[in-house]
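Thanks for coming. I will go through one model, starting with charged contacts and then moving to rings, a helix and the surface.

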Amino acid sequence: IIQLNHPYSQEQGYLAYVGFTPMKSVEDLDPEIFSLDFDSMEIMNSKDADQLGMTLPAWYSLLNQGIAKTAVGSSDSHHPGQEPGYPRNYFLSGASTPEGITDEEVVSAVKSHNLLMCGGPFITFTINGSSMGSLVRPGSMPLKLKIKVQAPLWMNVSSVEVIVNGETLKTIPVTNTDVVRYDGEVADSPSSDTWYAVIARGTKDLGPMYQGAVAFSLTNPIWVDVNENGRFDPPGI
């Protein structure tokens with residue numbers, strides 16, 4: 001796995017260095033200094049939520065250009081104040097214990113985009129029964145987006161957001177304070193090929209567990225092949 005970390009950091013940001021912005025085609029970048037030869041992209045690095053204003057639009061732009069890179073998060077715990085474990089990445093495994101997870105499972109999860117970038121809330125997301133990383137042939141409309149968000153009782157979760165081709169389709173306020181914060185279905189009837197992702201976020205500090213952080217989790221996409229030609233035709237930027 002090749003992973004693109006902190007893409008817009010001032011000192012080591014690869015996308016900043018090559019001059020990539022969300023409204024720029026990758027074809028306009030200098031091939032002498034830019035390569036798409038990476039599998040995953042770090043959307044969130046430790047507790048700095050300000051970075052999301054740059055990394056999310058960049059990731060959306062890549063997806064809209066038909067470039068599928070798996071969204072991940074890393075704790076980057078270099079010094080005191082950057083606790084390890086926030087955010088984390090979750091994927092399905094056939095192992096019954098952590099030590100049973102194989103390197104091959106990790107690689108497969110990343111490369112198939114079936115992975116949740118989790119900064120607190122745990123999101124389960126399917127479209128017509130298919131999970132993250134899937135290409136769905138809808139057959140009929142509307143699509144059925146099933147979303148479940150769970151979180152520990154002490155954690156603040158304020159909203160669930162459905163993202164469609166980089167734009168917000170629907171924001172659902174979360175008022176439930178039980179472990180299951182939201183469990184529902186959203187319907188949509190796109191007229192052309194579309195990708196979907198889900199964000200669950202909070203507004204209050206997660207201290208004392210992760211002081212200075214707020215809850216933020218992001219699913220990887222589910223692609224919908226509306227014209228059923230066997231591939232995803234990206235919307236473009």
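Which side chain meets Arg-231 in a salt bridge? The partner is Asp-233, at 3.0 Å from N to O. By salt bridge I mean a side-chain nitrogen of Lys or Arg within 4 Å of a carboxyl oxygen of Asp or Glu.

Before going on, the basis. This is a predicted model, in which local features need pLDDT of at least 70, side-chain atom pairs count only at pLDDT 80 or more, and totals for chains, interfaces and linings use all residues. Residues are numbered from 1 along each chain as its sequence is written, and side-chain values use heavy atoms, with hydrogens and water left out.

The structure holds four salt bridges. In one of them, Arg-137 meets Asp-225 at 3.9 Å, N to O. That pair links distant parts of the chain, 88 residues apart: Arg-137 lies in the loop between β7 (135–136) and β8 (143–150), and Asp-225 in the segment after β14 (222–224). Helices (H or I, at least four residues) and strands (E, at least two) are DSSP runs, numbered from the N terminus. Arg-137 is exposed at 54% relative accessible area, whereas Asp-225 is buried at 0%. The cut-offs are under 20% for buried, over 50% for exposed and partly exposed in between, with a 1.4 Å probe and protein chains only.

Another bridge joins Arg-201 and Glu-161, with the closest N and O atoms 3.1 Å apart. Here strand β12 (residues 194–201) is linked to strand β9 (residues 159–164), the two residues being 40 apart. Arg-201 is partly exposed at 29%, and Glu-161 is buried at 12%.

Now the rings. There are six aromatic pairs, meaning rings of Phe, Tyr and Trp (its six-membered ring) with centres within 6.5 Å; planes under 30 degrees apart are stacked, over 60 edge-to-face, and the rest tilted. Among them, Tyr-90 and Phe-122 are edge-to-face, at 5.5 Å centre to centre and 75 degrees between the planes. Tyr-90 is in strand β4 and Phe-122 in strand β6 (residues 122–127), 32 residues apart. Trp-59, Tyr-60 and Trp-195 form one aromatic cluster.

Two of those names bring us to helix α2. How many of the 13 residues of α2 are buried? The count is 10, including Trp-59 and Tyr-60. The helix covers residues 52–64. Just after α2, Gly-66 takes a positive phi of about 80 degrees.

Last, Ile-101. This residue is in the loop between β4 (88–90) and α3 (103–111), and is partly exposed at 36%. That is all from me.

Methods:
Expected span 1.5 Å × (residues − 1).
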